[in-house]
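Trainee: Could you take a close look at one part of this model for me? Start with the backbone, then move on to the packing.

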Amino acid sequence: VDLLIKLHQCPIPAFLQQRAIDLGQNTAHPVTLLLDEWDGNLKAAQEHHRKKGFEVFNCKATAYLCDLIRMRLIHDDSPALPRRYCLVHSNFHLGNLLFSHRSLEGRPKYPPRVKQLLSFQASDVGDPLLDLARLTLILHLPAPLGVGGLSDSSKQLFPSTFDVVSSYAMRLQEANELPNTDTLMLAMRVYQAAACFKMAAVMLFNLHFQTMEVKPQGPAFIQRRQEAAEHISKLGAALLKGCLLYTSPSPRDS
């Protein structure tokens, strides 16, 4: 969380300042913009493949999740527009965090410690809560994307969604940049679901072009990627409905 806050408090580079101004003047919610971007990218890849006579990869669960998030956004309980836009990583996940030695063994003797953040290719100006939501998915996603496959006792060594959100909120409330923790926890449902949708859409988007390589991927690889996209999309739907959302401190804090 400290690393994420440091990133979000960095000055916006000069070449991105106009984008920050444009986003501030745009009345569309950042989650809507994310859905439009990756839903459009995926459909463009599918249409390109269709015209070339290649196999088109669809996932009903991913399309359903996109529609579900859009429905939530038109309701009164949808998250408000961000109070500010800042520099965001856009791909803040376990694979882009460099941990200290033996951090991920799940042993109290070696608690998780992040030493460095990697891979800034997708960095942009955007809503900081999208980065925060992506970070909270670590507990739910299986390896190598997260620690969801570990035992409950091992997962308790990692901060829960409530821990992450409350820590982030308390730090930035001092600067009057965020609402309170309870409001953020409700907003996280939409942001986590949007992060899941983007992950699934990116997987399917890349799959279209990975099958066009000189040595295309085989059926087993394709099946695994489609299953992964479906699993992540269903996870996003469950999070949006509140089925998997941590709403209280983790057991180790009680």
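Mentor: Serine 119 is partly exposed, at 28% relative accessible area (buried is under 20%, exposed over 50%, partly exposed in between; 1.4 Å probe, protein chains only). This is a predicted model, with residues numbered from 1 along each chain as its sequence is written; local features need pLDDT of at least 70. Side-chain atom pairs count only at pLDDT 80 or more, while totals for chains, interfaces and linings use all residues, and side-chain values use heavy atoms, without hydrogens or water.

Serine 119 is not a glycine, yet has a positive phi of about 60°. Most residues other than glycine have a negative phi. Serine 119 lies in the loop between strand 3 (114–117) and strand 4 (124–126). Helices (H or I, at least four residues) and strands (E, at least two) are DSSP runs, numbered from the N terminus.

Serine 90 also has a positive phi, about 75°. Serine 90 counts as partly exposed, at 25% relative accessibility.

Now the packing. Helix 4 (residues 60–73) meets helix 8 at about 150°, with axes 10 Å apart. Axes are lines fitted to C-alpha atoms over the stretch in contact, and angles run from 0 to 180 degrees between N-to-C directions. Helix 4 is therefore roughly antiparallel to helix 8 (over 145 degrees; under 35 is roughly parallel, 65 to 115 roughly perpendicular, the rest oblique). Contact means heavy atoms within 4.5 Å. On helix 4, the contact includes Thr62, Leu65 and Cys66; on helix 8, Val190, Ala193 and Phe197 are among the residues involved. By class, this contact has twelve nonpolar, one polar and one charged residues. Ala, Val, Leu, Ile, Met, Phe, Trp, Tyr, Cys and Pro count as nonpolar, Asp, Glu, Lys and Arg as charged, the others, Gly among them, as polar.

Helix 4 also packs on helix 9 (residues 219–240), at about 25° and with axes 8 Å apart. So helix 4 is roughly parallel to helix 9. That contact has eight nonpolar, three polar and three charged residues.

Last, the core. The largest nonpolar core has 65 residues (buried Ala, Val, Leu, Ile, Met, Phe, Trp, Tyr and Cys, joined through side-chain atoms within 4.5 Å). Helix 8 (residues 181–210) gives the most to this core, with 16 residues. Ile69, Tyr191 and Phe197 are among those with the most contacts inside it. Tyrosine 191 touches residues including His29, Val31 and Asp127.

Technical notes: Lists of a residue's contacts leave out its neighbours within four places in sequence.
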